Amino acid sequence: MIYKKIKRLLDIVLSLIGLIILSPILIIVAIAIKMESNGPVIFQQERLGLNGKVFKIYKFRSMCVGAEKSGVYETKGDARVTRVGKFIRKTSIDEFPQFVNIIKGEMSIIGPRPTLTYHPWSIDEYTEVQCKRFNVRPGVTGWAQINGRKDVPWNKRIEYDVEYVENLSFILDLKVFFKTIFKVLTMQDNVNVAETAKTTPDIIKENEVVVTKEESRN
């Protein structure tokens with residue numbers, strides 16, 4: 001597909017431009033994170049990428065070091081989130097380091113959000129249809145994110161991901177891009193405060209909770 005090659009070129013060019021233009025903000029945020037709490041500026045976490053290959057996603061650290069040990073979803077007023085973290089999460093600035101993932105070829109600007117290796121379930125638990133989401137590079141934003149983002153259960157999110165892959169086009173990417181900007185500016189659906197996945201994709205088991213770690217919000 002010709003558009004996939006064009007899409008990759010656009011990803012590289014736009015990511016380089018983004019890093020250059022946003023460099024003052026990136027530097028200020030990095031300094032603020034370091035001044036407020038001990039620990040690395042960049043948080044790294046294993047995610048599933050193209051063809052199910054594992055890679056490390058980059059984000060600005062928005063929680064205290066060791067916060068993932070509690071193993072729970074982020075909640076409103078979560079004490080683990082730093083003051084700087086609250087701001088960069090609401091504004092989605094914490095996602096900016098993913099421009100580096102894009103340049104490295106691990107991600108795209110638009111595509112299915114990269115899932116954790118264990119959440120919403122492990123790679124071998126995805127159905128054949130659901131695995132289609134891994135046929136393209138994961139994105140910083142995607143079709144599922146503009147259709148509810150964190151309020152949408154994972155089964156439905158993956159339906160959106162498959163729909164995106166099956167209808168991949170420049171027009172669809174433009175639609176996702178501009179709707180994402182609107183959601184970021186209005187800070188919609190950017191806190192995951194409820195359980196959005198069960199232990200398996202096809203069977204909903206009562207009273208079973210799948211928990212995420214520090215930065216597992218998507």
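Which residues are buried in H5? Let me start there. Leu 172, Asp 173, Val 176, Thr 180 and Lys 183 are buried in H5. Buried means under 20% relative accessible area, exposed means over 50%, and partly exposed is in between, with a 1.4 Å probe and protein chains only. Seen down the axis of H5, these buried residues fall within an arc of 95 degrees, so they line one face of the helix. The arc is taken from the directions between the helix axis and the C-beta atoms. An α-helix has 3.6 residues a turn, so residues three or four places apart point the same way.

A word on the model. This is a predicted model, in which local features need pLDDT of at least 70, side-chain atom pairs count only at pLDDT 80 or more, and totals for chains, interfaces and linings use all residues. Residues are numbered from 1 along each chain as its sequence is written, and side-chain values use heavy atoms, with hydrogens and water left out.

Now the overall layout. The protein has five helices and four strands. The order along the sequence is α-β-β-α-α-β-β-α-α. Helices (H or I, at least four residues) and strands (E, at least two) are DSSP runs, numbered from the N terminus. Of the 218 residues, 49% count as buried.

Back to H5. This helix has 17 residues. From first C-alpha to last it reaches 25 Å, close to the 24 Å expected at 1.5 Å a residue. The expected span is 1.5 Å times one less than the number of residues. What covers the buried residues of H5? The cover includes H1, E3, strand E4 (139-141) and H4. The face turned away from the buried side carries the exposed residues Ile 171, Phe 178 and Leu 185. Just after H5, Met 187 takes a positive phi of about 55 degrees.

Met 187 also brings us to Ser 92. The two are 95 residues apart in sequence and 8.4 Å apart in space, C-alpha to C-alpha. Ser 92 sits in the loop between H2 and H3. Ser 92 counts as buried because its relative accessibility is 10%.

Next, the core. A nonpolar core is a set of buried Ala, Val, Leu, Ile, Met, Phe, Trp, Tyr and Cys residues joined through side-chain atoms within 4.5 Å. The largest one has 28 residues. Those with the most contacts inside it are Val 29, Ile 33, Phe 60, Ile 88, Trp 143 and Tyr 164. H1 gives the most to this core, with five residues. Take Trp 143. Leaving out residues up to four places away in sequence, Trp 143 touches Tyr 160, Glu 163, Tyr 164, Leu 172, Lys 175 and Val 176. Contact means heavy atoms within 4.5 Å.

Last, the hairpin. Strand E1 (residues 42-48) and strand E2 (residues 54-60) pair in the antiparallel sense over seven bridges. Two strands pair if DSSP finds at least two bridges between them. The bridge partner of Ile 42 in E2 is Phe 60. Five residues lie between the strands, and Asn 51 takes a positive phi near 60 degrees. Glu 46 lies in E1. Why does Glu 46 count as partly exposed? Because its relative accessibility is 43%. The C-alpha atoms of Glu 46 and Lys 56 are separated by 4.5 Å.
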